[in-house]
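Q: Please bring up the model, and let us go through it together.

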Amino acid sequence: MSFTTHTGNRGLVLEEKLIFEQGEAGRCGVDLPKPAGIKSRLGGLDRDSDVGLPGLSEPQVVRHFTRLSQKNFGIDSGFFPLGSCTMKHNPRLNEKVARFSGLADLHPMQPESTVQGALELIDQCAHWLLVLTGMPAIAMSPASGAQGELCGMMAIRAALDARGENRRRVLVPESAHGTNPATAAACGFTVDMIPATEEGRVDLAAFEAKLGDDVAGIMLTNPNTCGLFERDVRKIADLVHAAGGYFYCDGANFNAIVGRVRPADLGIDAMHINLHKTFSTPHGGGGPGSGPVVFSDALAPFAPIPYVVKTTDGFKLVETADEKDGTKPFGRLKGFHGQMGMFIRALAYMKSHGADGLRQVSGDAVLNANYLLARLKDKLSVAFPGYCMHEALFDDRFLKDTGVSTLDLAKAIIDEGFHPMTMYFPLVVHGALLIEPTETETKESIDQFCDAVLSLVAKAQAGDAEFFKNAPYLTPRRRLDETAAARKPVLRWMPETV
Amino acid sequence: MAKKFSQEHEWVELEDGIATVGITDYAQQSLGDIVYVELPEVGKKLVKDGDAAVVESVKAASDVYAPLDGVVVEANEDLDVNPALVNESAETDGWFFRMELSDASQLDELMDEAAYKDFVEGL
């Protein structure tokens, strides 16, 4: 039965107006007595117009934001297989530990002597990351994966400057995350794209042909964004080193190899680690993210300040470049010491899993992705043959001549109650669908998703394109006009009378 | 002169020594709705196969390459206000920029319409 309600609400799913469209002038959550006789010291610059805030009671404000939060779909609501993003469960133990008052109530400007435990925690977190990567040095302060990339490439730039070499070309595979070429460009390098082979990996011959004495290094993601392990990684490292360059590894997909492969053994010089991906800290967890960067011996002297050291007098945060002989930090990336809340959660995750548990994390992530790949590969079209790592990549050949696009299919998947997979990335694959189930999903939830996708694919191939063009049907809003939103964005609410 | 085409899906049309450059109809179809075009400044020196412009669609941002060596003499300002022109008429009103060629013989390295059609069908 389908009908429209008087209110526009659908059962207890409420139609929510913008907060500016609610309330009444003069209404307020608090009732303070009028202050008596304040003399303005603004020299005639007092505001004489209305601020324009809506008049709302406290329960109206609480309801507004509660309702908005109920419209949100996150990893705590359901299956969220957004490839390349690793939307895995954030264990509640991590949250509990991060809220201990001894940690949560610290202030970054407290004297060192009063935060010895916190500094030790940073040091321990750093230690675990160094052991897992096999690397000799680490910068904990970068505030995101992207800033981690910047940190790594700035260290490479500083090392080249110290050698007095003007190498400015950085090699980047065409399947790379968009941040890789952006980072290289931001550091003053030019970007040279390396083509991929038919099987979705770096074309070794093309890579070798591009090497030269102007090459600063390579930025390579491993496993790459096609969900494949770069088998020639050791050879690539040797070749770039022999040519005098450095090897930056984008560690975004470390979750697929943690506990099994040590990046140091692959010959890398720098790699960032997204704590929210491999070590389960929340995406956008209450503030900036965290992207610690590990360094080889060649780049270690150039790592940024600050960093924690253990001395006979306890732990110390090294804040200035000249406190330790022999180092040449390229500078500072961030105020204070890094994203403490994320270090706590990541360390809680590592310690609660232990070394064997972390090894199982990557194993289960790869197993789940391959299970999903096996269930879908006969009806969808796989982009590259063989097993995948932590994510399965399909192209849109299976939709050829159906009149249904990758986007249309994704919209129909929303109606089935799932967050869609990543679409149209990596760019090297036509109409890409990149699906990453993560290790924290059960077989039941992966099966339910695969059953839903297979039923939709059958429907598309049966010729029901019209159904897909109009999806989604069951969401608070139907298909949004993404083109109009980009071409004519409405960035600010204005009252209708203006 | 008849249009010439590059493997990177740009078209070129030479008239009175000035080459008009845009992206092909196949390219605009593959990109989907175009929402922004970043054009080169007049006077900019372009190198064949080097970056010349950026086109952004709802799906992705892509580089547009210079199909030939030369200097930019005009950019299509209509695209600033109406990037949809590229979707509507990629090979006419939706042109990107005009350039003075350094070496007109480079045109011979590009495909003619029939060859480009075959090339696209093979993709």
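A: Before we start, helices (H or I, at least four residues) and strands (E, at least two) are DSSP runs numbered from the N terminus, and two strands pair if DSSP finds at least two bridges between them. This is a predicted model, in which local features need pLDDT of at least 70 and side-chain atom pairs count only at pLDDT 80 or more, while totals for chains, interfaces and linings use all residues. Residues are numbered from 1 along each chain as its sequence is written, with chains lettered from A and ligands numbered from 1 in the order in which they are written.

Q: Let's take chain B. Which strands form the six-strand open sheet, and in what order?
A: The order is β1-β2-β3-β9-β8-β5 of chain B, and the pairing in this open sheet is antiparallel. The edges are taken by β1 (4-5) and β5 (45-46) of chain B; each has a single partner strand, so one side of each is left without a neighbour in the sheet.

Q: How many bridges join β2 to β3 in chain B?
A: Strand β2 (residues 10-15) of chain B runs antiparallel to β3(B), and the two are joined by six bridges. Within that pairing, Val12(B) stands opposite Val21(B) in β3(B). The two strands form a hairpin with two residues between them, and Asp16(B), in the turn, has a positive phi of about 50°.

Q: And what about β3 and β9 of chain B, how many bridges there?
A: Strand β3 (residues 18-23) and strand β9 (residues 97-101) of chain B pair in the antiparallel sense over four bridges.

Q: Where does UniProt put the lipoyl-binding domain?
A: An unreviewed UniProt entry lists "domain: Lipoyl-binding" at residues 18-100 of chain B; such positions are given in the numbering used here, with feature names shortened, and annotations may be inferred rather than shown by experiment. The end C-alpha atoms of residues 18-100 of chain B lie 5 Å apart, and the span is 18% helix and 42% strand.

Q: What is the order of the three-strand sheet in chain B?
A: That open sheet has the order β4-β6-β7 in chain B, with antiparallel pairing. Its edge strands are β4 (34-38) and β7 (61-65) of chain B, each pairing on one side only. Four bridges join β4(B) to the antiparallel strand β6 (residues 51-57) of chain B, and in β6(B) the bridge partner of Glu38(B) is Val54(B).

Q: Switching to chain A, how many helices and strands are there?
A: Chain A has 14 helices and 13 strands, and its C-alpha atoms fill a box of roughly 75 × 70 × 45 Å, taken along the principal axes. Of its 498 residues, 41% are buried, where buried stands for 20 or more other C-beta atoms within 10 Å of a residue's own, with C-beta atoms placed from the backbone.

Q: Which residues of α6 in chain A are buried?
A: In helix α6 (residues 179-186) of chain A, they are Thr179(A), Asn180(A), Thr183(A) and Ala184(A). These residues cover an arc of only 135° around the axis, which puts them on the same side of α6(A); the arc is that of the directions from the helix axis to the C-beta atoms. Their cover includes α5, β2 (169-173), β3 (190-194), β4 (215-221) and β5 (246-250) of chain A. Just after α6(A), Gly188(A) takes a positive phi of about 85°.

Q: Is Met153 of chain A buried or exposed?
A: Met153(A), whose place is in helix α5 (residues 145-163) of chain A, is buried, with 26 other C-beta atoms within 10 Å. Leaving out residues up to four places away in sequence, Met153(A) touches Thr183(A), Ala184(A), Cys187(A) and Tyr248(A), a contact being two residues whose C-beta atoms, placed from the backbone, lie within 7 Å.

Q: Last one, how many residues of chain A are in contact with chain B?
A: Six residues of chain A are in contact with six residues of chain B.

Terms used
Buried ≥ 20, exposed ≤ 12 C-beta atoms within 10 Å, placed from the backbone.
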